[in-house]
Structures are given as C-alpha cells and as structure tokens.
Amino acid sequence: MATWIEVYHWCSLLMCGRVPTWTINTNNTLPIDIARRIKGRSSHLLREEFPHLTTLPSLWTRSTFSSTAGTLSSEIIEQDIERQKKAMKRAKTPTFLIELPLQVESATSSRLRAHLETARCLYNALLSEANQRLRRMRNDPAWQAARAIARSKKQERAQAFSHLRRKHHFSEYELHEYAKGARVSWIADHIDATMAQALATRAYQAVNRVCVGKAKKVRFRSPGRGIDSVEGKRNDVGMRFVLDPNAGDGGFLIWNEQVIPAIINWLDPMVQHGLRHPIKYVRLVRRKASSPQAKGADVDGNRYFVQLLLEGHAFTKPMHQERGQDTIGLDIGPCTLAIVPREGKADLVTFCEELAPNARKKRRLQRKMERQRRANNPDNYDEKGRIKKHGTTRLRWKESKRYQATRRQHASLERRGAAHRKSLHGKLAHDIVKVGNTINIEKTSFKGWQKQYGRSIGLRAPGMFVAHLERLVAKTGGTLSEVSAFTTRLSQYCHQCGQYVKKPRSQRWHRCPCGLGPVQRDLYSAFLLAHLEAEKTLPSVTRHVWEGAEPRLQAVMEGLRQRANEGHCLPPSMGVVASRKAARAGARRLKSPVNRQQEPIIPRERAEALSETQEPPRL
Ligand SMILES: [Zn+2]
C-alpha cells in the first residue's frame, strides 16, 4: 500500500512566505531523494526571490542526513549511503586544452617570477609535510602488520592501509587542510586558496607515488629549477581567464593584481572552437626560449603561456574527420612499425623516418659545454681530469654566461627535435585511424627496451606514440586493446599448424615446416593481431583469410625490396638488404642519402652476412 506524505519546507516558508508542497510516494522513494527534492525545490524558490543567491554555485550541500533509523530497515539506509557516495563523486565531463601565448612586459614578468617563486616555496613545504607524514606512517608498527597481510585477503589489506592513512593524516584532503594553514602572511599575497589546493594535490600525488612504490623518492624544486606551471581549480576565483568583448575580443589572464593580455589568433579555427566552450580552469606555463632575444621572451629568456582547460571535445581538423571501420593489428618494434588491417593495404614503415637529428651539431655543443664547465670550475677536477670525489660536502659549480648560452642552444635543439617527433607521431596516428579505429597491439614494456635499444627508443619514443594513438582512438569512439604477449605468444605462433616455435630475434622471416611462409615476422604478427578477437588468446584465421592477406603482405616486402635496390637505407630488422650491385648504383643516384644518422651502424660485411641469413630464398 502506498503512503503519501506531504512535506512543508519551513525554511522556505520563513524566508519567502510561500508554502511549497510536495507529494511523494514513500514506497518507491528513498529518504535521501525526499531530502534532495526538498532541497532542489526550495533552492529554486529562494533564488527566484533573492537574485543575488544565483551567483553561488549551489545553495545546499549535496549530502543529506536522515534520522529515521527507528522506522527504516538498516538495509535501506546502507543502500542510501552507497548511493550518496556515488553521487558525491562528481560526474566527469570531457576536457580538452588550448594554449595561448601571453604578452608579458618586463614589469609583469618580474611579478610573475615572484608569484612562481612563492608557489615553489609553498610546494616544497607541502612536499616536505607529506613526506614526513609518509615516513611516520611507514615507521608505525601497524604498517609492517598491514604489509604482512596476504594479498589474497584484498579487503582486509585495503582496510588496514586506509586505516593507517587516516591515522597519520596522509590523504589529499588532509594536505589541503594543511595548505590552508600554511598559506599565511606573504604567501597569501601571491597564492590564492584554490591554487594552494592545486599545489597540495600535486605534492600529495608525488608522495603517493612513493607510497605505492611507483617512485623511489620525491624531488624538491631548487631555486634554479623552480616551478614552471601553476593552475587554479575554477575560473571564477583566483587565477582566471576572461574574454572581454569590449577590448576588441581580447582575452586576459588575471592573477592577483596582474592582468596579462593573451595573443589570440581569431582566424585559427582551433582557437575559435576552443573559446566557444566553457572554461573549467586555467594553467600558467613558463617555458625557456632559446635566448632573451627570442621572440616573445622576457629578460630571463622565458616565454609565458596560458593553457585553458575547457569542457567538451577538442577540435578536429576537416582533414582528420575521415574515420575507417577496419580492425588493425600493429606490431611495434624498436625502430619499425608493421601495420596490417583486415581488409586494407598493409605497410611496414620505419618509425618516424623523417626524424633526422643533427648528431654532429649536438655532439659539438655537448663538447663545448664540457670545455666550458672545466674552464669555469678548475678546482672541481683532479690532476687526471676526473671530477673530484666529494664526500659529504657537495661540489659547487659555477656557470658563466657563455656556458648558459650554450646550454640554451643545446636545449632548443632538443626541443625542436621533440616537437618534430610529436608532429610525426600525430600524423602517423591519424593515418592509422583513417583506416580503422579498432586496434590491437601487443603490450610492451618500452622501459625494458630502453636498456637494449636506448638510442632508438630515445629518438623515436614508441611509448609516447602508443599513448597518442590511444587518446586519438578513444576520441573517435574506437578501442585500442593491448594484448598480453605473455599469454598469446603471437611472435612464436603459426596459424596453419598451430605450433609455437621460438625464433631468435635475428631471424626476421617466419618459415614453418608446415609450408607457411616465408613471410616477414613483424608483418605476420601484426596480421595475427588484426585477427585476434577480444579476450581470446588464439587468432581466428581461416584459410580463406590467409589467402586474402598473403599477397598484401608480399606486396609490402616487394615495395621495400625495390626501395632498398634504389639505395634507400632500411633498418636491418626489416630483413631486406639490397644486393650489393643495386645498392651501389642506387647510392650513386642518390647524392646524399637523407636519413643517414638514424640508421643503425652495421659494418658492411656483417650487414651482408645478416642479409644472407635473413633473406628468404627467392621464389
Ligand atoms: Zn606452421
């Protein structure tokens, strides 16, 4: 039987003299909902009556308290609390970012420097406090006891740790509280409350990484390194960005008493798109320019930018709107990438082929810096020219102005390379998504690769590429699944006979006694990945599928062989090396091979020996 109750909200009655009533069916309404409906309705009425209340984000807090335990079953109350917890977690909205350069004059820049220096001090204080709390927590005997709990007892273990965190006030929220107390006197002149909270969150996250074993230690910011970015939490208090239609559609970053104009190119569709969306919060970023004379740089050679964190989805260029539906297998190697879609054209490419670092210039700058360091600090080297061993005292290093200039040149060389790499990654990712947005890759530890292929990984950054691709695929509504190489062992698998045979890494071709092959191993494993269904360890390849794919894979290798014969240098891991005669003729045609530096250097005899072992017999 349904009971109907009527509710009068006395608060509203007292304040605006109107009597709002609700009719609520108690059979299907939880007590929390009753309270929420009262709050919502009364808030609406109050705001109607008193317009100044509309500036507040929300009138009532979102939590409610029900004291009717006498008549309600505890089960419903528990259900209530669970729902409340879920509601408390704010719904996440998509965020994207645009960056605008700031027009900073010398007076403003010195104020900004002071603000950032204060942020650095506060951050270090917060980091130190969080560190101390972590240390206290770890020294507690209960910590060892909690660690001794078997991992299989998940709940018990988690409970023990969360109890410890509460006991030692080690949480983001508690650090916010500490930041509130630490933001006093001169610090409060520079840093507002929300920015202090953002810094506290940052410090907590850094220390928490140590706590959960993802990092070994935290790094305090030295005055020299400083802190290069600060952010707020909202765009209505503290540091914020406003667009002023009266000032020629200018945008301004407001931080304390500073009003800094941003340079907005209204003709840029990306900027246009971004500024149509509501701003969640803003971030100020300081970057080093190549020199104080560089465009837009201040006396210290810094440029300032504002990053707007906006609600919504990022702008998609018209050229990138095309999206395919194919399923793609990607095999990522240290310097190659095999792309095999189920239907479309396959490819085996050198990863970021255009990336040609000027190794000579870089090395010269490094040597110059080394000479300058030695000339500036003769006391720090022993008679054999080695850096002196220092016990407990640290060596002091002097930097000349010229040394700093060389360092800036070196840094800007690296920065340009990184920007180029990023754009190449973006282009490659867009090309892949154009074909299909269901992508299978093997889960790889790029960190493990660093030891073996350090130079190539440092140059090409495959991990970064995967992260980029993942974001892009998510944006287009596709999926990128990382398949565990450990369970699938696709590089050892042969679909025709179902055997697993381990191949040494130098063996670049898959040839099976059952008659399959020869096929380039990276292409083959990308092909298997393309046909791997979700949650399965065996790819579903029928004879028909293989007959469709084989010519496509062979066409790729034919193209590569032709390129090699024309004199292009291909990475040896592709397993294609031109015949000596063709290579010589090709080298004569191509006066200066474009990407000389990035090719792994292999003595000619070894390369040819390799080619003999790797090249399949001509059919
Ligand atoms: Zn086989």
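**Close-up views of a predicted model**

**Figure 1. Helices α7 and α9 cross in a right-handed manner.** A right-handed crossing has the near helix turned clockwise from the far one by less than a right angle. Helices (DSSP runs of H or I, at least four residues) and strands (runs of E, at least two) are numbered from the N terminus. On the α7 side, Glu172, Leu175, His176 and Ala179 make the contact; α9 contributes Ala196, Gln197, Leu199, Ala200, Thr201, Ala203 and Tyr204. Two residues are in contact if their C-beta atoms, placed from the backbone, lie within 7 Å. The axes of α7 and α9 are 9 Å apart and meet at an angle of about 135 degrees, which makes α7 oblique to α9. Residues are numbered from 1 along each chain as its sequence is written.

**Figure 2. Helix α9 spans residues 193-211.** From first C-alpha to last, the 19 residues of α9 reach 26 Å, close to the 27 Å expected at 1.5 Å a residue (1.5 Å times one less than the number of residues). Buried residues of α9 are Met195, Ala196, Gln197, Ala198, Leu199, Ala200, Ala203, Tyr204 and Val207. A residue is buried with 20 or more other C-beta atoms within 10 Å of its own, exposed with 12 or fewer, and partly exposed in between. The cover over these buried residues includes α4 (106-139), α7 (172-182) and β4 (229-231).

**Figure 3. Ser185 and Ala461 both have a positive phi.** Most residues other than glycine have a negative phi. In Ser185 the angle is about 40 degrees, and in Ala461 it is near 50 degrees. Ser185 belongs to helix α8 (residues 185-190) and is exposed because 6 other C-beta atoms lie within 10 Å. Ala461 sits in the loop between α14 (454-460) and α15 (462-475) and counts as buried because it has 20 C-beta neighbours inside 10 Å.

**Figure 4. Ala405 lies in helix α12 (residues 401-435).** With 15 C-beta neighbours inside 10 Å, Ala405 counts as partly exposed. Pro292 is 113 residues from Ala405 in sequence, yet their C-alpha atoms are 9.8 Å apart in space.

Technical notes:
Predicted model: local features only at pLDDT ≥ 70, side-chain atom pairs only at ≥ 80, totals over all residues. Axes fitted to C-alpha atoms, helices over the stretch in contact; angles between N-to-C directions. Parallel < 35°, antiparallel > 145°, perpendicular 65-115°, else oblique.
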